[in-house]
Amino acid sequence: MHDYPYDFYANRRPGHHHDHQHDHDPHAPIVERDEGPPSEYEVMSRAMQELLEAKGIITADEVRQRMEIFEEEFPYRGAKVVAHAWTDPHFRRRLLADGKAAVAEFGIGMEAERLIAVENTPEVHNVIVCTLCSCYPRSLLGMPPTWYKSTNYRARAVFEPRAVLREFGTELPESVTVRVHDSNADMRYIVMPMRPAGTEGWSEDRLAEILTRDTLVGVTVPRVRQDPGGSPE
Amino acid sequence: MPAAKQTPAATVSTYTPAPGHRYTVGDRVSVKRSYPPGHRRTPHYIKGKIGMIERVCGTFANPEELAYGFDGEPKRILYRVQFAQSTVWPDYRGAARDVIEMEIYEHWLEPA
């Protein structure tokens, strides 16, 4: 997985000039760029794929399979890994000591990337950002969300992390140290949240359900959902 | 730096040896105040700041060379450096113990 030094989507925004008339409709349809001419990057990517196919190095079906795995499997890997760490103290230690080796036990290859798992404790809360681009543990969490790539998050998470966390609904007491990780070079990061009370005896699958993407980036913490409705008998 | 005591024990990655590394965990370092053009992984906001080596990440192909199609040799040693937020941002509003950590290549560091 390669992170480009320039995030195409994030960089488009500053170039948004107001020399034209249009509505800023928050419900405007998402433009998938399937209209009009392809961008330079699409042309390059398409040409590369066609060359590799012509030389018999890859097939179109392999590319499709890879995209399918990226969307169907990658986003859920991180939760499985952390749920296992919650239930197995030996694995937890291995994950904290050497993230890449530990996730390999799950058949997860980080390829060229190294992984650092950082543990939340009652004293320390970790949060991940990449100020330079949008480095993200894609093989564990899938594609980064739009907010992670936004200039707003990338700029503010480093100098006012508590304000940013508050906007995500995460209020931390002053007694908790906020530890920001700028994922700026060759390592990738995943947060190991604290296991909440009320999850005793849960299976790993059930634990994984509360380990949402945002808890693993550190902008929120896992919560046990209260049973909605239904007054006590 | 009191901040360091609040974070988990520093670890050295077991899979990325860094023979001949100049700094070790706990060393105080400052980030060079240098603004060369090109592809650099050292954010501007940390230049000139003093921090502490949190871990030695290992040896990696130099991204400043890789970005332009070279092979990244010689490889460079990468560290994670921890900074007290109050020293990075003069008007930081948060707890005094808050920290920020990032990866800095050895050639961007000087003893402090």
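A: Helix H4 (residues 74-87) and helix H5 (residues 89-97), both of chain A, pack with their axes 5 Å apart, at an angle of about 125 degrees. That angle makes H4(A) oblique to H5(A), because angles under 35 degrees count as roughly parallel, over 145 as roughly antiparallel, 65 to 115 as roughly perpendicular, and the rest as oblique. Axes here are lines fitted to C-alpha atoms, for helices over the stretch in contact, and angles run from 0 to 180 degrees between N-to-C directions. The crossing of H4(A) and H5(A) is left-handed, meaning that the near helix is turned anticlockwise from the far one by less than a right angle (right-handed if clockwise).

This is a predicted model, in which local features need pLDDT of at least 70 and side-chain atom pairs count only at pLDDT 80 or more, while totals for chains, interfaces and linings use all residues. Residues are numbered from 1 along each chain as its sequence is written, and chains are lettered from A and ligands numbered from 1 in the order in which they are written. Helices (H or I, at least four residues) and strands (E, at least two) are DSSP runs, numbered from the N terminus.

Where do H4(A) and H5(A) meet? Val81(A), His84(A) and Ala85(A) of H4(A) meet Phe91(A), Arg92(A) and Leu95(A) of H5(A); two residues are in contact if their C-beta atoms, placed from the backbone, lie within 7 Å. The residues of this contact divide into four nonpolar, one polar and one charged. Here Ala, Val, Leu, Ile, Met, Phe, Trp, Tyr, Cys and Pro count as nonpolar, Asp, Glu, Lys and Arg as charged, and the others, Gly among them, as polar.

Now let us turn to where the two chains meet. In chain A, 27 residues are in contact with 29 residues of chain B. E3(A) gives the most to the side of chain A that touches chain B, with six residues. That side holds twelve nonpolar, four polar and eleven charged residues.

One residue of E3(A) to look for is Val178(A). Val178(A) is buried, with 22 other C-beta atoms within 10 Å; a residue is buried with 20 or more such atoms within 10 Å of its own, exposed with 12 or fewer, and partly exposed in between, with C-beta atoms placed from the backbone. Its contacts reach both chains, including Pro161(A), Leu172(A), Gly94(B) and Ala95(B).

E3(A) also joins strand E4 (residues 99-105) of chain B through four bridges, and the two run parallel. There, Asp182(A) has Met102(B) as its bridge partner. Strands pair if DSSP finds at least two bridges between them. The two strands belong to an open sheet of seven with mixed pairing, in the order E2(A)-E3(A)-E4(B)-E3(B)-E2(B)-E1(B)-E5(B). Its edge strands, E2(A) and E5(B), each pair on one side only. From one strand to the next, the twist averages 35 degrees.

Further along that sheet, E1(B) pairs with E2(B) in the antiparallel sense over three bridges, with Arg28(B) opposite Met52(B) and Ser30(B) opposite Ile50(B).

Key: Lists of a residue's contacts leave out its neighbours within four places in sequence.
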